[in-house]
Amino acid sequence: MKVLELNNVSKSFPFGHGRRIEVLTKVSLTVPAAGTVAISGSSGSGKTTLLNVIGGLVQPTDGEVSWRGKSIYADGRAGLTRWRSEAVGFIFQAYHLMPELSARENILLPAAFRRRDAAALAAELIEQVGLRERADHRPAELSGGEQQRAAIARALINDPALILADEPTGNLDPANSEAVLALLLDLARKKNKAVVLVTHDAAIAQRMDLRYRLVGGKLETNL
Ligand SMILES: Nc1ncnc2c1ncn2[C@@H]1O[C@H](COP(=O)(O)OP(=O)(O)OP(=O)(O)O)[C@@H](O)[C@H]1O
Ligand SMILES: [Mg+2]
């Protein structure tokens with residue numbers, strides 16, 4: 001079953017004096033439930049833009065983004081925000097942790113007013129990403145890899161059906177990289193989550209079900 005679909009999506013940004021840069025050109029993509037999708041492409045090819053379009057953070061200039069057959073823009077701004085917080089977990093390239101909060105508080109943030117069992121769930125995720133000893137440190141007191149693992153746990157706290165990960169292992173040593181990858185693959189295989197992952201690493205891409213590469217704004221199949 002497909003959960004997320006892009007249909008002929010184009011995205012251009014204004015820059016300079018009345019000029020525009022087209023980053024995505026008629027991109028179509030189907031993300032199946034329980035499926036893993038790798039996106040690669042050179043720096044500046046539009047990978048982060050594509051993830052932002054998939055997750056409704058950036059609205060395309062043209063084309064459709066649909067979730068279970070319905071446009072994510074059909075129910076206005078409030079509907080879009082609700083969908084994003086319930087269905088989508090973002091692991092950003094630059095972590096985006098709140099500097100005043102501890103790792104544990106950051107992980108709990110998206111769940112704050114929703115789940116009664118959030119604290120127990122956060123503790124479980126902290127364990128899974130190997131942050132037990134650092135859970136009460138603030139981001140400035142964490143290494144890059146530890147911040148990355150906190151950001152991964154935060155993305156999973158609401159049990160999202162769609163997980164979008166921008167180079168989630170980019171800052172991790174081989175052991176932690178493998179643990180994070182195994183966690184994401186497990187979420188797809190055992191919990192039917194859809195995972196879209198941006199990676200430069202061909203060995204990581206090979207472990208995903210579907211592989212694409214962004215070249216000149218177009219999405220090409222990458223074997
Ligand atoms: N808000 C924006 N306004 C103008 N141009 C933008 C904007 N966001 C992205 N771009 C441009 O779009 C292109 C693609 O950017 P994007 O961040 O998607 O690339 P990327 O593939 O993720 O690169 P990297 O591997 O370095 O993270 C770049 O040339 C960038 O300058
Ligand atoms: Mg990027």
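Which residues does Arg-84 touch, not counting those up to four places away in sequence? Arg-84 touches Gly-55 and Gly-56. Contact here has a cut-off: the C-beta atoms of the two residues, placed from the backbone, lie within 7 Å.

## About the model

This is a predicted model: local features need pLDDT of at least 70, side-chain atom pairs count only at pLDDT 80 or more, and totals for chains, interfaces and linings use all residues. Residues are numbered from 1 along each chain as its sequence is written, while chains are lettered from A and ligands numbered from 1 in the order in which they are written.

## The whole chain

The chain has seven helices and 10 strands. These are DSSP runs numbered from the N terminus: helices are H or I with at least four residues, strands are E with at least two. The C-alpha atoms fill a box of roughly 50 × 40 × 40 Å along the principal axes.

A compact globule of 223 residues would have a radius of gyration near 17 Å, and the chain agrees, with 17 Å. That radius is taken over C-alpha atoms, and the globule rule is 2.2 Å times the number of residues to the power 0.38. Of the 223 residues, 40% count as buried. Buried means that 20 or more other C-beta atoms lie within 10 Å of the residue's own; exposed means 12 or fewer, and partly exposed is in between, with C-beta atoms placed from the backbone. Take the contacts between residues at least 6 apart in sequence: 68% of them join residues at least 24 apart.

## An open sheet

Four strands form an open sheet in the order β2-β1-β4-β5, with antiparallel pairing. β2 (19-32) and β5 (70-71) stand at the edges with a single partner strand each, so one side of each has no neighbour in the sheet. Strands pair if DSSP finds at least two bridges between them. β1 (residues 2-15) and β4 (residues 62-67) are joined by five bridges. Glu-5 stands opposite Ser-66 in β4.

## Around ligand 1

Ligand 1 is surrounded by 13 residues, and the closest are Phe-13, Ser-43, Lys-47, Thr-48 and Thr-49. A residue counts as near if its C-beta atom, placed from the backbone, lies within 6 Å. The elements giving two or more residues to this shell are β1, β2 and α1 (47-54). The largest share, three residues, comes from α1.

## Helix α2 and Arg-84

Arg-84 lies in helix α2 (residues 76-87). Arg-84 is partly exposed, because 17 other C-beta atoms lie within 10 Å. Leu-57 is 27 residues away along the chain, yet the C-alpha atoms of Arg-84 and Leu-57 are separated by 8.6 Å. Of the 12 residues of α2, one is buried, so α2 lies largely in the open.

Helix α6 (residues 174-191) buries Val-180, Leu-181, Leu-184, Leu-187 and Ala-188. Their cover includes β3 (36-40), α5 (144-156), β7 (162-166), β8 (194-198) and α7 (202-205). After α6 comes Asn-192, with a positive phi near 60°.

In a regular strand the side chains alternate between the two faces of the sheet. Strand β6 (residues 88-91) has both faces covered. Val-88 and Phe-90 are buried on one side, Gly-89 and Ile-91 on the other. β6 runs parallel to β7, joined by four bridges. Phe-90 has Leu-164 as its bridge partner in β7.
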